[in-house]
Amino acid sequence: MATQIKMPRQGQSVEYCIITKLYVEEGSEVKEGDLLFAYETDKASFEYESEQDGTLLKWLFSEGDEVPVLETVCIIGELADDERGFEIHAGEKHGSPDPLQRGDIPLSRHKVGTSPLKGGSHPPGPSGPSPFKGGSGISPRARKMAEEMGIDISMIKGSGPGGRIIVRDLEGAEITEKAVTTTDDSMEYSDEPLTNIRKIIARSMYQSLQNSAQLTHHLGADARKLLEAREKIKEAKGQQDFVNITINDLVCFAVIKALADHPRINSQLHGETMRLFRHVNLGIAVDTDRGLMVPVIKSADSLSIEEFSKRTADLSEQCRSGAVDPDIIRPEAGSFTVSNLGNYGVEMFTPVINLPQTAILGVNAIVPRPADLGGGVYGFIPYIGLSLTYDHRALDGAEATRFLKQVAEEIKNIEIK
Amino acid sequence: MPKNQFIDPDKIRRKGEIIFQPLPVNQYDKSLSEERKNFSDDALVGIYRDMMLIREFESMLNLIKTTGEYRGIAYNHPGPAHLSIGQEAAAVGMAYNLDADDYIFGSHRSHGEILAKGLSAIHRSDDKSLEAIMRSYFNGSIYDVVAKNHEGSIKGLATKFLLYGTLAEIFARVTGFNKGLGGSMHAFFTPFGVYPNNAIVGGSGDISVGAALYKKVNRKKGIVVANIGDASMACGPVWEGISFATMDQFVELWEGDMKGGLPLIINIMNNHYGMGGQTSGETMGYGIAARIGAGVNRDQMHAERIDGMNPLAVIDAFNRKIKILEKKRGPVLLDTVTYRYSGHSPSDASSYRSKEEMEAWQKHDCIYNYRRDLIDNKITDEDSLRLIDAEVNDLVFETFKLATDDKISPRMDADKDPDIIGKVMFSDISVDAMEIGDPEVLIPLKDNPRVQQIARKERYAFDKEGKPYSKMKQYQLRDGIFEAVIDRFYKDPTLVAFGEENRDWGGAFAVYRGLTEALPYHRLFNSPISEGAIVGVAVGYAMSGGRVIPEIMYCDFLGRSGDEVFNQLPKWQAMSGNVLKMPVVLRVSVGSKYGAQHSQDWTSIVAHIPGLKVLFPATPYDAKGLMNAALQGTDPVVFFESQRIYDTGEQFHKGGVPQGYYEIPIGEPDIKRSGSDITVLSIGATLYRVVEAADILQERYNISTEIIDARSLVPFNYEPVLESVRKTGRIMITGDASERGSFMNDMARNITEMAFDYLDAPAVVVGSRNWITPAYELEDYFFPQPDWIIDAIHTSILPLEGHTVKNDFSNKTKIERAKRGI
């Protein structure tokens, strides 16, 4: 009995994936756990492991093909499997040159070029992927602009005649990857096209600063208890159930507590509407080789510090390996973000808000500061710098300051079992 | 419609009869000995020599075509050779009395006439002027070929020059008289008075009338002879030309020294066949072609049949007829009987005529009989004639060797310059007046009632508050054309204008109101309703050296002047190797409200023809500026006007239409309104519908339209349009021509090709429907309307939010209509 291997859906917003590599040739034996193919969305890459033993009978797509999710990628079965079934599937091979066969293909898959009156399918050019969602091609101008702006046209729904993608459809579209590096030793510089993630970051950071009213308050928090707690955790290393709770985890935990008292900070701004979240969906900035990523820990306020710490560590690892669920790295997934540059020794910075969120907390290095210890005694106390950037469209200074002050208080009084 | 000519019913209804005078048929009966009183012996021998030269020249071509060689030298001439072996006496007799100031026009079978006329002009010119002509023509490039190794007289050299220039032209050599661009059927050499020979049968029938008009109006020496075949008497343009040439007004209405007929001889070279069709007895009903003259005018065109087999009979007839022309009693019709031994062309097997007939005519051979007469009358002897024969043969052979030598006589180097032919299509020069002189006018310009009326008008359509002035108060499009035309009449003494209802009426659409008061008859007159001749006469007038504005009252009548507009007007500048100029501004009025045969926009058809400049202004400012530019040039311009907007004021050019002279460069489109979202390129009067559409697009859909008025179709500068498309990313082309095969489609194709990467949608064309122009009440279903423009944008370019279409521009409908041929 042949099995159709379908392209997994990697997050609700993903409709297409690109096959980056086929590991197995047609006719080869595969075993459960063998890698069948690698694929990627515009944000992350994945590998598909076989869930059964058998022979790879047929690839229905090739490397580089853009495959709608839940579409059959390949067929695994026994060599003796029913020829007819095989043929039917083979006829579905993407890009089949036989228009008559294409005519039989379900519309849900081949929206492109099914009607001869709608302008036909878009011929795949040297730079362009072929199928477009729901449309019948793209205008030359839109194609040119998309290439220049690095926009992935496969994600765009065309509003032109017959569903053609036209220029106005590119507004607000996302940026795609084009990785061609040209280097010429004779030149004084080399031009490297931005990577996919770089383009996303570039766009969202730029848009953030263009489209909101950001300002940053800086405040120091007494970090003595924080350091104590961290020491205590370290001491427990080697014990059973040991969780390596970091300073950042602790700060985040303090933030989560403070957010409970300041629901307006735990929010997003959508046009003229404030979206206040019942739970804290905390975004944590993670530095990866591919660039900055901000995975979101859903309902962080319902987690224990240990759970939170573990989850943070897992997500960070997923981000670094490129295997993260694209849905949880969308800015819309978070209600607040923490970005920690403390371990780099940064003493003060102005983090940029992950729109549509309304605020972000920058966590700085712990530095000793002179303090009045009481009774005319002065000494040095470790302080951790906190930099809160907030969107003044959504929040006022007093409100933001009260929240920041409370974060500082939570840190000052942090306790760990 | 002159008021001083009273159409008296008492006279008109009176009983009577038309009495024709007898037409002479072959009345010449002098013997050679009698003619010795009139000709020197040398002159009589010279006639023999000229006929022999023509015969040897034509025989050489015949041998090349039929055997592939001449006197042992092989040559392949793939082009045409319509030979006139047998017709030499008719050609030499016709030309004998003509000098370089007399013009001849011919047909596809005119080698003999070219040589005869050239030889006569050489004979009658002095050495100095011959040398000047030869040395200056194409910077002496033909002269250089023949002058090398020449020994003997200048006239002898000029004969070699004539033979070589003609043969090199036949062989398409750049050293030919027309740089090889004319060829066998169209070779000519104007300095000797040899004007274009025409490969369209009867083509010279109206063009020659224009040349005669030029001679008359500009008081030039000389007469004009149209050598056309007997079969061409069936052609419309010949009849129209004859009608034009015999108009009563020359005698009845033209005044002073202009009173009197045209100096024109329509000379039917009657060889009895039109290809294989026998004109007398089969394809025509005249019996004797001279009969045609009888019905044309009171003078019966002084028509006469003459014996073209005898050169002296032809000379005698031309002598008599030239005297008639000198008395201003032309035109004249001659039926010159002759016979060609060769077929229509070398591929003609003469299946339509009997051997007996050909042998009988050979017994009447003009050269054989004339030669015998010369000897019988002891004017010369056999030995002397043999010497002449040998000399003639050598002359032709030497010419043949030179003309077939690729080094001496190369072809145009189109490898080196692929545009070399393109460069002779237009003359692209700027000339105030075709001749220096005082233009004949009747009153000072400032006293002209129309000029005074226009002076009271508002030259910009809107007042300071932006409110439009009343139509009567506005300076209108027709005023713009008038100002440019009358200005040129006061600048260029050669300028004439004619067409239907041009005088008195002031043009059917009042463009010329005021011109009648300003100009004598010979500069502005009504033509017969002969659209072919209106254009053909203009072609002849212009190629002779004058500037002319013919008018076609409705664009729909262009079909009537098809050959003149498609084959004559556009081609002669290039076919002459850019020797001729063609300063013709053909005004064509595009109708409206008058249905299927009076409302069509045929700009696309005209734009298709290489060699015409095509303009279609839509505003008074553009109309005046473009008419000025058209009249300043020497290229043929078809100047389209729209009856829908003759009364439109200037709505775009801030500051209004300048009072003084200015030109708008031909070929430059104009941005009438800037915009950012879509470009609409409009041809002609559709501009105003585009403006309406643009207003709606802005108000309802917040779409900003850039409106470009093409103004010119040919030439056309695409740059401003491409620049606009690079900005807006979208373009529609619209105009009143039926969409299928239109120039709008041509523009769309070019723009798509040149701005492909900038287009957000295909270039979309909205033209008129591919069916008849209906009655005025139904015109909105034929011509593009504002809602069509918006619907087509919505359907094919940019869906408009909330828009519902009234008109179906879907592919489905387009395919369906194409299937049905509509």
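Two residues are taken to be in contact if their C-beta atoms, placed from the backbone, lie within 7 Å. The model is predicted, and this cut-off is what stands behind the pairing of two helices in chain B, where B:Asp127, B:Leu130, B:Glu131 and B:Met134 in helix 6 of chain B meet B:Ile154, B:Lys155, B:Ala158 and B:Phe161 in helix 8 of chain B. Sorted by class, the residues of the contact between helix 6 of chain B and helix 8 of chain B comprise five nonpolar and three charged residues, with no polar ones. Two packed helices are described by the angle between their axes and the distance between the axes. For helix 6 (residues 127-136) of chain B and helix 8 (residues 154-170) of chain B, the angle is about 35 degrees and the axes are 10 Å apart, and the crossing of helix 6 of chain B and helix 8 of chain B is left-handed.

Chain B as a whole can be followed through its domains, which the domain assignment gives as domain 1 (32-405), domain 2 (445-645) and domain 3 (670-820). The centres of domain 2 of chain B and domain 3 of chain B, taken over C-alpha atoms, are separated by 27 Å, and the contact between them takes 24 residues from domain 2 of chain B and 24 residues from domain 3 of chain B. On the side of domain 2 of chain B that touches domain 3 of chain B, the elements that give two or more residues are helix 23 (603-608), strand 15 (613-615), helix 24 (620-632) and strand 16 (637-642) of chain B. That side of domain 2 of chain B has twelve nonpolar, seven polar and five charged residues.

What lies in the interior? The largest nonpolar core has 245 residues, and of these B:Leu586 and B:Met732 touch the most other members. Helix 3 (residues 41-67) of chain B gives the largest share of this core, eleven residues. Apart from this core lies another, of 59 residues, which includes A:Leu250, A:Ala333, A:Val338 and A:Leu361. Leaving aside residues up to four places away in sequence, B:Met732 touches B:Ile678, B:Val680, B:Val764, B:Val766, B:Ile789, B:Ala792, B:Ile793 and B:Ile797.

B:Phe783 lies in the loop between strand 22 (764-768) and helix 28 of chain B. Is B:Phe783 buried or exposed? B:Phe783 counts as buried because it has 24 C-beta neighbours inside 10 Å, where 20 or more are needed. Not counting residues up to four places away in sequence, B:Phe783 touches B:Asp736 and B:Ser768.

Chain A itself has eight helices and 18 strands, and of its 417 residues 38% count as buried. The domain assignment of chain A gives domain 1 (3-103) and domain 2 (213-412), whose centres, taken over C-alpha atoms, are separated by 42 Å.

The backbone deserves a last look. Most residues other than glycine have a negative phi, and most peptide bonds are trans. In chain A, however, the peptide bond from A:Leu355 to A:Pro356 is cis, with omega near 5 degrees, and A:Pro356 sits in the loop between strand 16 (336-340) and strand 17 (359-374) of chain A. In chain B, the peptide bond from B:Val714 to B:Pro715 is cis, with omega near -10 degrees, and B:Pro715 has its place in the loop between strand 20 (712-714) and helix 26 (719-728) of chain B. B:Arg711, in the loop between strand 19 (705-709) and strand 20 of chain B, has a positive phi near 65 degrees, and B:Arg711 counts as buried because it has 27 C-beta neighbours inside 10 Å.

Key: Residues numbered from 1 in each chain as written. Chains lettered and ligands numbered in written order. Predicted model: local features only at pLDDT ≥ 70, side-chain atom pairs only at ≥ 80, totals over all residues. Domains from an automatic or database assignment. Helix = DSSP H or I, 4+ residues; strand = E, 2+ residues; numbered from the N terminus. Nonpolar A, V, L, I, M, F, W, Y, C, P; charged D, E, K, R; others polar. Core = buried A, V, L, I, M, F, W, Y, C linked by C-beta atoms within 7 Å. Buried ≥ 20, exposed ≤ 12 C-beta atoms within 10 Å, placed from the backbone. Axes fitted to C-alpha atoms, helices over the stretch in contact; angles between N-to-C directions. Left-handed = near helix turned anticlockwise from the far one by under 90°.
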